[in-house]
Every structure is written in structure tokens, then in C-alpha cells.
Amino acid sequence: MESLEEISEEEPPKGPRTSSFLSGKLTAKEILATKTQNYFAETKRTEDILMQVAFSIGLGSIWRFPYLCQRNGGGSFILMYFFMLLSFGIPLLYMEMIMGHWLRVDNIRVWKQLVPWLGGIGYASILVCILVSLYNSVIITWSLSYLANSFDNSLPWNQCPLVKTTNVTDLSCLRTVSHQYFWYHTTLSASGHIEEGVDALVLHLTLGIFAAWFLLFLTMITGLKISMQILIFSVFLLYILLLCFLIRSLFLEGAVASLRRMVTTELSSWASLDLWRQAGGHVVYSLGLGLGTTINFSSKAGGNSYIQVASLVALVNLVTSLLLTSIIFTVLEFWATTSGHTCVEKSVSKLISLIKKGVLPQDAKPPEDILLLPALDYLDWISNLPQHLQYPVIRFSPSCSIMTQKDKFMEGPGLAFAAFSQAISLFPGASLWAILFFLALVIMGLSTLMSILEGIVCPLQTSFSLFRRYPKLLSVLICLGGFLGSLVFTSHAGSYIMSLFDDCLVPLTLIVIVAFQNVALAWIYGARRFREEMFSKLGHLLWSFFTFLWRYVTLPGLLALFTICLTQLHRRVPSYYIAWNSSMSQEVKQPYLQSTLSWVTFLSILTFLPIPVQPLHHWWHLEDHIAFDPFEKLQSKKMPLVPPKSLQYPKHQLVTSQKTDTECSSRKVNPPLIRRLNLSSLWRFSLPLSEYNQSSSWFSLPVISSLTSALSMRNTSTPVSRQVSPASVSIDNSDKSRETQEEN
């Protein structure tokens, strides 16, 4: 029997036809396999981009950007947001994407491998994800409430709601537009301030929050997820509806004036620190920076053009926000132009028309000189009517404000819901439009919340063996805790507590976490070293402009934003929130009490706690290790920084594979992890200390090189971290034992 070497050395059979036929057949197979592989790779890449875009849109573009823009003067906020998006948003989003693609691990293990002393960043991100998921579930509940009311033939927010008894409070519906009245009275049942009504829950909101978390629990426990077809349908349906709303709103009264007011910029407003704080906080929040979801997405995605992906996500986010804001500004201007005396004229005209048709009796006819009197006299005339006539007059009044609104109509988080309910009412067959729109909002909200929960479940299952043995236990704990924690947002003061979380707590924590991420990568690990590692990974150098931004632009900016947040939180004049005054039927500014702001400080400290705990944990184990072996420190100082003998320089680039520790129950993990040996890092670590310190970051000084080596030997998640980078070749257990014997 011939050996394999002899068979391989034999010449192929002669015959030009056969050889050419075989070679052509193999070439066709290779071409077909290549095309198929490229097709699936592009499809996977498109799905990842769409998931990232949908997550960014659902997180803050739909409801958060419009009310912040309305609150901060329109064009000034847009210009500030665009400036910070270019200088902060895109570079930091690209940083998180490229880190996830580089290390191919979850959010917790990224920082444990990169800088073990700052491994608590991942746990802090999970705590912030929990806070964000709590009040984002309430936004889904609001959408479910509007969706349930959309099945009525006559949309309930188009007119004043039904009343059983008539009193002065019922006239409050005529003091404002019916859409705003429906939001505060019917949807929220809002109290007068944040300290009132916390212990009483709104029944339909409680049922809605239970339904939202129960759907999420079923999705997590069965291992299902929202299919890509449903996500694509909801995203494109939402854009089609928004374009239709924009076209219709452009024909409203005052549309041109509203767009002009939206793009008007006052440079004097740039002196407001609150404008800088809210614009910077929204950039960090809307792109999902610091939550860890971007790192988790990138660790499972393919492709290398992450700068294009980051720019695309930021651009789509900006365009969507501007589209939504344009619609809302036109609706607000329409409310302003149809208020006051114009609304009285419409009301009188409608009442006379109903009297002629026989719907209302002659006793409901207003006085002839009512149009010559102020608007308050019209309300006084209605209040003096008999009780059996007050109800139909209020019921058939048009959806406009009798009182002239000198200030802004709405500034709170419910602006998008009230404005879009008005835009939907302008279409024929408004119920169908309402069902489609709020259904798309529910799907987008559920997909966003699932992405956030995936960023909680996957890292915890990887890090803790208990959750790996019982994967369903973690889903039960998260969904049950999320439901119980979200109940506070379904109270009568729930919308005010949600504003407190959204305006003061979450942006502050995200800014601090992103600042620690920036410090860990750009200064501790070293931006220049990271650039060299990515050259060995991608085959081309990163744009040096981004490393410059990470070191000298984004970090000082984040520290400035953090200072502004602390200043605004603890200033003499406390921050305010938008509350609803039922007697006046308008929004008022209420200051936060000091006890309320102290809860923000407590939750912030609780969120940051894992960051200082991780260094203390490492220090404790390091001191314990040195106490058992007093000569370890001396030996580590004398030990030359060269790779062990078992690591020979290969002739070609060595590629090894390493499987991930576990598979996430909610999403499939990619094929085995590919890590490449960084020859430049090995060569650089083999230099003497004096030469190595010139090309490395300041964290690798010889003063703490012994501590770093001892720490790397104690940390099992980063094998031989002082010789190779976190993305270097993986070594099996036998190699580790051989290296330990040789070093000893």
C-alpha cells in the first residue's frame, strides 16, 4: 500500500480534456461557495446594522429628542447636538464597536482582559441597563395604552372625555387642547407634584407594565427573539407613517412659522450650562454609549468597516430625530394659532350648527355678543348653563384651547404622544393610522428593551457559574425584578419620577462610565498600542485622527459634562420638572426637593460602586499572594520581559481558535473565536525596559511592572498578559503549566 507522501508526489493523469474539465468544475464550485459565503456575510452584516439602527432609534429618538428640543429653544439645541455628535458621539461609538470586534467577548470580559483593575466598568454598565430598562418599559406601557384606545371608532383624544357629574373641573378640558388633556387625565392620571400619589397605582398602567414584562419573560424563557422580518416591517412602517404625517402637517396653519422657529438659533443660549448638559447627555444616551449593548453587538457581528457603521447609525439617528421634531413643531404651532379668540369662534360656530340640526336645544345657543367679549366670558357662560346643558356643550366643543397660551403648550416627555395623536386625527380613517403607528412604537420599544436585557443576561451567564447551570433562573429574576421595580412609574406621580431618572440620573451615570472606558483604552492601555493591535487584526491602520480624539477631545469633554451635571444637581436653585396643574389646565415648573435629589446621589453611588470595588478585590488578592511568597516581588523585578521558550516566533502569522465559555440563551454566539498573534507586541515586549517604555503607554512604567506581572499571573482571564496583548494567541493549560515550571 502506497504511503500518502508517494500518492501526493504522483503526477496527475494526463489528458487535457479531463484535467481542464475537472479544473473548471472545481473553479465553479469555489466561485459558487465564495458567492454564497459573501451573500450570507452581507446579510448578517445588514441585519447587525439594522439592529443597531433600530436600537438607537427606539432608545431616544422617538420621544426624547423632540421634547428636549422644544424645551431648549429648537435650533440652538439641534446645533449643539450636531456639534457634540461629531466630536463625541461618533468617535466613542466607533471605539465601542471596534473593541467588541477586536476581543470578541461580552461587555464584562472586555474590561477584565483590557485593564483588569477596571473590570468593574462592565458591572456598572449592567446596573445602568437595569435602570434604563425600568423606565423604558413604562414607555411601552404608554404606547400600549394608546394602542388599546385606537380601536375605538371615534378616537377618545379628539374631544373632551365623558363626565358623569359637571363641576368647575370639567371646564378644564376647554382650557387646553383635548390631546393634552387626554394625556394627563386619562393616560397618566397625573398628580400635582412628585411627592403626591406615589403610593397609589394607576390600574391600566399597572396592567400594561405587567403585559410588557410578561411578553419579555416569554421571549427570554423560550429563547425566541423578534424576527428580522418583523423588525424591518416596524422600522420601515414607522418611516412611511412619519413621512405621511410630515406631508399632512405641512398644510396646517402656521407650518412655515413653526419650521422657521425650529431652525432659529440664538447664540446667547449657548451660555446656558443646562443646554450643554442636556445635549451631551442625549448624545451619550441615544447612541447607547456606556450600556454595553454596542460591544455585545459588535462581538457577534462581522465586517471591518465600523467607521461607516458608526457614521450611518449617527446619521440615521439625527435624520429621524429631525423628522419627528418637524412634525411636532408644526402641531404645536397649529395649537398656538387656533387658540384663544379663534377657538371661541370655532366653538360658537359649531354650537349654532348643531342647534340648527336639532342636536342641541335652543337654550344652548350662546349670546350674540359673545364674540366681542374675552375668552374667559365664554367659559363663564358655559359654567352658568343648566347642568343638563353643560355636558353636551363641553362634549361637542372642538379640540382647541379657549385660553390663549402665552407660554409653550407642552414641555414634558409626553409631548410626542400628544402631538402625534393630533397628527393622526387629521387623517381620514384615523383609527387605522393610530393602530399602525402605536403598534410600530410597541414593536420598536420591545426590540430595544430586549437588546438592553440581552446586554444584562449574556454577560452574567458568562461570568457566574450558577446562571450557566440554571439559565432560566436569571430570566425569572430579571423579569420579576423589572416588573416590581417598574411599578413606581405606574403611580400617579410616575411620569415625574421617570423624568427624574431620565434627566438627572441616567445621563450622569452614562457619562461617568464612558469616561472610564475612554481612560482605560486611550491612556491606560494606550491609544498607540491599541492602534498597533488593530493593525495586526484588520490588516490596516486605524485613522490616527480617532486616537487623537480619544486622548485629547472626548475625555476632557466628558469630564466637563460630568462637572456640569454635578453643578446642576447641587446648585442653589434646584432643578425643575414639568408637572400638571389640574385647576389651571396647564403645565407648570415644579422644583425638585432636596430629598428627591438625594435619591439621585444615592443611586449614582450605587451604580458606580463596582468600579472601585474591582481594584480593591485585585489588591486584596495581590497582597495575599505576596504574603505567601515574600520573594515573588523580588523575582518579578529581576525577571526579564521576554516571551518564554515555549513561544517560538512562527514563520507565518499564527492563527488559533478558542471557543467562548458559554452560549447566551437569548442569542446565538458566533463560530469559534479567532485570535491572532501580535508579532509587533512580542517584539516590543522583548526589548529592554528603557526602550520599551518609550514606545508603550505610561501605565507600563518599570515602577509597577512587577505589580502588573503578578496581577497577570493571578488573573486567569488574561493569560500571560505581560507578554502579549488581550487579543493575542490563546494558550492551553499544558502550555501554562510548562511556562510556570520554566519561569520557576
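What follows is a short exchange on aromatic rings in a predicted model.

Biologist: How many aromatic pairs does the structure hold?

Modeller: The structure holds 42. One of them joins Trp102 and Phe530.

Biologist: Why is the pair of Trp102 and Phe530 called edge-to-face?

Modeller: Their planes stand at 70°. Edge-to-face needs over 60 degrees. The centres are 5.1 Å apart, and pairing asks for within 6.5 Å. So the rings pair, edge-to-face.

Biologist: What makes this pair tie together parts that are 428 residues apart in sequence?

Modeller: Trp102 belongs to helix 4 (residues 75-103), while Phe530 belongs to helix 21 (residues 494-538), so the contact bridges that separation. Both Trp102 and Phe530 are buried.

Biologist: Why is the pair of Tyr378 and Trp381 called tilted?

Modeller: The planes meet at 35°. Stacked needs under 30 degrees and edge-to-face over 60.

Biologist: What makes Trp381 count as buried?

Modeller: Trp381 has 15% relative accessibility. The cut-off is again under 20%, so Trp381 is buried.

Biologist: How do you know that Arg64 lies over the face of Tyr285?

Modeller: Arg64 is 4.7 Å from the ring centre. The distance limit is within 6 Å, with a further limit of within 35 degrees of the ring normal. Arg64 is listed as lying over the face of Tyr285.

Terms used: Residues are numbered from 1 along each chain as its sequence is written. This is a predicted model: local features need pLDDT of at least 70, side-chain atom pairs count only at pLDDT 80 or more; totals for chains, interfaces and linings use all residues. Side-chain values use heavy atoms; hydrogens and water are left out. Rings of Phe, Tyr and Trp (its six-membered ring) pair if their centres lie within 6.5 Å; planes under 30 degrees apart count as stacked, over 60 as edge-to-face and the rest as tilted. Helices (H or I, at least four residues) and strands (E, at least two) are DSSP runs, numbered from the N terminus. Buried means under 20% relative accessible area, exposed over 50%, partly exposed in between (1.4 Å probe, protein chains only).
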